[in-house]
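Please read the points below alongside the sequence and the model.

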Amino acid sequence: MICPRCDAENVRVLTTSPVPGRWIMYVCDTCVYTRRSTEPSYATDPATYPAAFKIDPAEIPTMAAIPPVPPRRDG
Ligand SMILES: [Zn+2]
């Protein structure tokens with residue numbers, strides 16, 4: 001299975017519905033994108049996921065932390 005946001009083939013089942021067979025929740029171990037199997041195609045299909053929200057896995061290590069972590073105060 002391919003991640004809709006980063007196109008990595010690193011998606012696994014995170015959990016399933018309390019009532020069996022209702023939905024499956026998936027998580028991408030590359031970008032941590034999570035989604036339910038019942039969400040519309042723009043949230044589940046790499047081909048229709050909004051291009052503006054796509055990310056490149058190579059850029060993940062240099063992405064800004066939000067909220068930013070302030071510098072440590074010594075003393
Ligand atoms: Zn991903």
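1. The model is a predicted one, in which local features need pLDDT of at least 70 and side-chain atom pairs count only at pLDDT 80 or more, while totals for chains, interfaces and linings use all residues. Residue numbers start from 1 along each chain as its sequence is written.

2. The protein contains 1 helix and 3 strands; helices (H or I, at least four residues) and strands (E, at least two) are DSSP runs, numbered from the N terminus. Read from the N terminus, the order of elements is β-β-β-α.

3. The radius of gyration, taken over C-alpha atoms, is 16 Å, whereas a compact globule of 75 residues would have a value near 11 Å; the globule rule is 2.2 Å times the number of residues to the power 0.38. Along the principal axes, the C-alpha atoms fill a box of roughly 55 × 30 × 20 Å.

4. Of the 75 residues, 11% count as buried. A residue is buried if 20 or more other C-beta atoms lie within 10 Å of its own, exposed if 12 or fewer, and partly exposed in between, with C-beta atoms placed from the backbone.

5. The 3 strands form an open, antiparallel sheet in the order E1-E2-E3. Strands E1 (11-16) and E3 (34-36) are at the edges, each with a single partner strand, so one side of each lacks a neighbour in the sheet. Two strands pair if DSSP finds at least two bridges between them.

6. E1 and E2 (residues 24-28) pair in the antiparallel sense over 5 bridges. Val 11 has Cys 28 in E2 as its bridge partner, and Arg 12 stands opposite Val 27 in E2. E1 is hardly covered, the count of buried residues among its 6 residues being 0.

7. Which residues other than glycine have a positive phi? Asp 7, in the segment before E1, has a phi of about 65 degrees; Asp 7 is partly exposed, with 17 other C-beta atoms within 10 Å. Val 32, in the loop between E2 and E3, has a phi near 65 degrees. Val 32 is exposed, with 11 other C-beta atoms within 10 Å.

8. The peptide bond from Ile 66 to Pro 67 is cis, with omega near -5 degrees. Pro 67 lies in the segment after helix H1 (41-44).
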